[in-house]
Amino acid sequence: MRRAYFKNNWIAALVVAPQLLIIFVFFYWPTTQALYWAFTFEQPWGGGNEWAGFENFRMILTDDRYWQSIRVSIVYAAGATILSMGMALILAVFADRQLRGYKYYRIGAIWPYAVAAPAVGLAFRFIFNPSAGIMSYVNAAFPGFWDPILNGDHALLMVIIAGAWKQVAYNFIFFLAGLQSIPRSLIEAGAMDGATVLRRMGDIQLPLLAPTFFFVLVINITDSFTDSFGIVDTMTGGGPARATNLMVYKIYVDGFQGLDYSGAAAQSIILMFLVIALTVIQFRYIERKVHYT
Amino acid sequence: MAKIDIRQVRKSYGKDEVISGVDLTVNNGEFVVILGPSGCGKSTLLRMIAGLEDISGGEISIGGTVVNDLEPRQRGCAMVFQNYALYPHMTVAENIGYALKVAGMKKPERLEKVRTVAKSVGLEEFMDRKPGQLSGGQRQRVAMARAIIREPAVFLFDEPLSNLDAKLRVQMRHEIRRIHNRIKATSVFVTHDQHEGMTLADRMVIMNKGTIDQVGTPEEVYNRPATVYVAGFIGSPAMNFLSGQISAEQSAIVLADDSRVEIASEHARAHPGALVQLGLRPEDLTLCAPGSGHLSGTFDFYEELGSAGLYHLMIEDVPFSVLSSAKPRFAHGDPIGVLVDTSRVHVFAAKDGRRIDTEARIPQQMEPAE
């Protein structure tokens with residue numbers, strides 16, 4: 001590859017400036033602000049703040065509601081990740097078999113990724129509406145079977161399904177690419193060795209998919225911590241009784257509805273470190289460990 | 001042990017027919033090499049025997065059973081792939097033993113067998129390595145061991161040596177022949193390398209554009225090529241071709257510059273006036289003084305081959321080569337005469353490229369398959 005060199009450092013600086021500016025305005029500045037707020041008591045209407053040290057963190061970490069939010073977030077992360085990865089894997093394995101019409105099927109499976117989270121939330125809100133959606137028929141047969149408006153477990157399940165559905169397309173792309181990068185001759189060798197289609201999937205394709213699998217796993221968990229806001233906001237608003245109050249949603253509620261900037265800032269710092277930790281795991285361990293050549 | 005019968009087999013992808021009606025019988029325990037340039041359909045034919053490609057028409061039977069609709073695992077074939085196709089996440093031992101594991105053989109028995117087979121191909125020290133940690137030759141051995149361990153009725157090789165360097169290729173070639181002599185499985189070996197074909201084969205199959213041009217022992221194919229195509233493909237340095245016409249009166253082939261190469265009169269009378277391609281192998285020719293000999297040309301350039309020298313001439317603008325161990329010196333443009341061993345000329349009809357018999361004795365004609 002050719003590399004460009006600038007003799008004049010000013011031009012170089014000018015070229016990178018827009019990108020740096022964007023990163024600064026949308027990442028470093030808010031992050032430092034949040035960091036600052038997290039260690040101060042910020043007044044709701046602005047105008048002066050007071051140094052608080054770790055008091056904000058202490059308050060959050062001793063608050064049962066915060067731990068409850070963490071629990072819900074973990075359930076959501078696990079549920080949405082398992083569901084979406086499982087479904088994506090099944091879809092990708094079949095797309096990879098290149099049966100008739102698989103090209104249309106492949107496009108169909110990728111499409112949902114283009115739908116914005118709030119739109120997904122809205123659509124699933126109709127689908128799972130206990131008195132108007134598909135589930136209303138089930139409810140008619142078994143009264144009270146499905147009620148996400150009052151039943152927290154139902155609401156959480158509903159959010160998990162919507163979140164997973166949105167993520168399936170993304171996972172599908174990676175799984176399909178991973179499967180297609182496995183040389184066809186390996187699968188043929190498996191066939192010659194006497195393995196059936198299922199056996200070949202289990203013994204050859206899935207183990208060779210491991211690097212993709214771990215990558216997608218980390219991305220999904222990270223995503224479920226940060227990108228679930230739109231779905232929760234449109235579907236449940238964190239309810240009922242905070243049953244779907246995920247960490248990222250709680251930050252919004254505490255900050256912009258409860259006007260507790262400092263508490264929300266401290267929560268977002270915690271969430272940020274969680275995501276950083278996951279990213280470090282991704283780069284340090286998984287990407288290095290899983291390779292064969 | 002099994003005999004393979006291929007009857008009128010066709011393969012087409014959409015409208016493109018890549019194999020058009022091939023007939024071939026591979027006898028029990030025989031080593032058959034399918035030779036041809038890339039794109040001639042040889043790998044496709046092999047993969048149809050293996051069951052990795054559907055058969056568009058015709059019938060393939062192995063050991064008397066028609067296998068057209070059987071899965072690869074039901075056919076009893078083992079295959080060595082061009083890129084070896086080793087499972088990268090399994091150790092050498094696991095790679096070799098995978099077929100037995102799939103077949104449900106108990107672990108102690110399986111490991112014992114893996115050890116025996118690995119030892120027979122010299123891999124016992126590498127059992128716990130992954131394929132990524134092996135050299136090309138070692139990977140090749142693993143691929144061989146993986147095929148041997150199943151004790152298959154039929155052994156299929158898809159250009160297994162083409163990824164190796166020249167020296168290793170010869171070595172592995174010998175090893176494959178040794179293994180064949182030991183286990184005597186019916187073997188089909190696909191290659192584009194004529195040396196591999198000549199040295200390994202009991203019988204050779206020369207394929208050209210989806211059809212078989214000739215089936216025969218390496219000797220037959222070399223001495224009596226059935227078509228111009230086979231004649232040009234087999235033999236190194238390659239055969240020379242000159243256009244000419246059979247003259248019954250002169251009992252010879254008359255070339256464009258009126259030079260003549262005599263052939264037996266009964267053959268000349270059988271094809272009077274036929275337009276032909278005269279095929280002459282460089283090793284059947286001798287250089288001589290200008291004006292003497294059968295042909296005359298001018299010297300172009302010289303290639304040193306070690307044991308002999310290859311002289312490139314121009315005869316009437318047609319490149320022509322002569323092999324000589326005497327190694328005389330010439331300058332560019334020098335006139336040279338060429339003496340032809342008339343007992344070793346190959347004559348092919350210009351219209352269809354088929355061989356026209358020209359030897360005095362008439363041995364049993366090898367019928368080229370349609």
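Helix α1 of chain A (residues 9-38) comes up short: with 30 residues, a straight helix at 1.5 Å a residue would reach 44 Å, yet the end C-alpha atoms are only 38 Å apart. That expected span is 1.5 Å times one less than the number of residues, and helices here are DSSP runs of H or I, at least four residues long, with strands being E runs of at least two, both numbered from the N terminus. The model is a predicted one, in which local features need pLDDT of at least 70 and side-chain atom pairs count only at pLDDT 80 or more, while totals for chains, interfaces and linings use all residues. Residues are numbered from 1 along each chain as its sequence is written, and chains are lettered from A and ligands numbered from 1 in the order in which they are written.

Back to α1(A), which has a kink of about 45° at Ala17(A), shortly before the proline Pro18(A). The bend is the angle between axes fitted to the seven residues ending at a position and the seven starting there.

As for chain A as a whole, 33% of its 293 residues are buried. The chain holds 13 helices and 2 strands, and its C-alpha atoms fill a box of roughly 75 × 75 × 30 Å along the principal axes. Of its contacts with a separation of 6 or more, 69% join residues 24 or more positions apart; a contact puts two C-beta atoms, placed from the backbone, within 7 Å.

An unreviewed UniProt entry marks "transmembrane region" at several stretches of chain A, among them 107-128 and 206-225; such annotations may be inferred rather than shown by experiment. Residues 206-225 of chain A are 95% helix and 0% strand, with end C-alpha atoms 27 Å apart. For residues 107-128 of chain A, the figures are 68% helix, 0% strand and 26 Å.

Then there's chain B, where 19 residues are in contact with 16 residues of chain A. On the chain B side, β6 (77-80) and α2 (92-102) each supply at least two residues. This side divides into 14 nonpolar, 3 polar and 2 charged residues, counting Ala, Val, Leu, Ile, Met, Phe, Trp, Tyr, Cys and Pro as nonpolar, Asp, Glu, Lys and Arg as charged, and the others, Gly among them, as polar.

Notes:
A residue is buried if 20 or more other C-beta atoms lie within 10 Å of its own, exposed if 12 or fewer, and partly exposed in between; C-beta atoms are placed from the backbone.
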